Amino acid sequence: MMIILQILGVLFGLGFLIFVHELGHFIAAKLCKVRVLTFAFGFGNDLIKYEYKGTKYCIKAIPFGGFVSMAGDNPDEVTGAEGEYLALPWYKKIFIAFSGPLYNYILAVIMFAVMFNLWGVTKMSPDSYVGTLLENYPAAMSGLLPGDRIASIEGVKIKSWADISDNLKDRAEKETLFVIERGTYSFDLNMTVAKNPVTGYGAIGISPAIVTTQAGFFKSIVLGVDTVIAQTFMTVMYLGDKIISWEKPDIAGPIGVMQVMAKATKSGAQDYFRLIAIISVALGLFNLFPIPLVDGGMIVLFTVEGITRKKIKAKVIQIYNTIGLVLIGAIFIFATYSDLLRLGIGKLFGK
């Protein structure tokens with residue numbers, strides 16, 4: 001039963017993300033009065049279909065993603081007639097191309113906001129309460145417990161977590177008196193402070209307690225936007241650093257993504273929600289990269305059209321898309337190969 005649930009979780013998650021992306025293109029095309037021929041959820045044979053004002057809306061047999069078919073989106077078939085995609089002014093084509101990634105970003109903001117509103121915001125407590133303890137460090141060996149509060153160190157009153165670090169910094173390898181509050185009573189505790197092997201500062205092997213606070217409607221939205229911006233920034237910085245240092249980036253391919261989604265489905269709704277939101281950001285960001293064939297590449301192409309004030313020839317678009325297909329194919333192969341190495345398949349080839 002759990003395996004079936006995980007498979008459904010993967011199919012629904014990825015299918016939903018791609019569908020939302022295509023929904024962005026669909027709505028933008030309708031706003032620009034492009035003749036949308038088909039708006040489909042899934043692939044394969046039609047299970048349910050309905051035609052309205054020249055557009056076929058359908059649900060297909062394979063519930064994995066979707067697509068939008070527009071009049072004049074094939075360079076070979078453009079006639080210049082009204083309602084054709086490639087016959088539009090350059091700025092409208094950019095709007096339609098940009099709307100797919102935009103909807104992925106909007107979805108991510110909504111999902112993060114819902115998470116913060118339903119499950120609250122977790123952060124490290126600024127107070128001097130003990131969260132977790134490291135094995136073989138003074139705190140754990142002396143009997144300190146999660147939830148205890150450090151009231152003073154060598155007679156110095158402790159009011160915040162920062163006070164703990166400040167007062168332990170110069171006490172490496174020194175016996176130190178702590179006053180600990182546990183519930184309704186307090187007691188003295190002597191321990192020899194350890195030395196952090198990296199910084200050389202004093203340490204007893206504790207981390208702050210984690211607290212969860214509920215976020216209201218508007219705060220949840222602000223936090224959702226902030227989280228999406230931070231996720232995008234970290235991804236761009238990571239890829240930029242790998243490119244500058246000429247190192248191979250650690251990216252997940254389809255196998256890796258499905259594996260992580262299956263685990264998130266098993267671990268609960270909150271983890272599943274968070275992962276869908278993160279993947280939605282990644283999908284939106286990837287489609288904004290200036291790679292031919294994806295939305296970002298088409299935005300570059302149409303921007304050039306706007307600057308030169310000349311329509312891009314069908315042959316140029318075909319060559320451009322072919323280059324993009326090769327690049328995306330290479331990325332797909334590299335990411336899949338990385339997935340196989342992580343799964344240990346590389347051992348078969350002596351890696």
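Colleague: In which handedness does H5 pass H7, left-handed or right-handed?

Modeller: This is a predicted model, in which local features need pLDDT of at least 70, side-chain atom pairs count only at pLDDT 80 or more, and totals for chains, interfaces and linings use all residues. Residues are numbered from 1 along each chain as its sequence is written, and side-chain values use heavy atoms, without hydrogens and water. A crossing is right-handed if the near helix is turned clockwise from the far one by less than a right angle, and left-handed if anticlockwise. The crossing of H5 past H7 is right-handed.

Colleague: At roughly what angle do the axes of H5 and H7 cross?

Modeller: Helix H5 covers residues 217–244 and helix H7 residues 269–288. Their axes (lines fitted to C-alpha atoms over the stretch in contact, with angles from 0 to 180 degrees between N-to-C directions) come within 10 Å. The crossing angle is roughly 55 degrees.

Colleague: How many helices and strands does the chain have?

Modeller: The C-alpha trace of the chain spans about 85 × 45 × 45 Å along its principal axes. Helices (H or I, at least four residues) and strands (E, at least two) are DSSP runs, numbered from the N terminus. The chain has nine helices and 12 strands.
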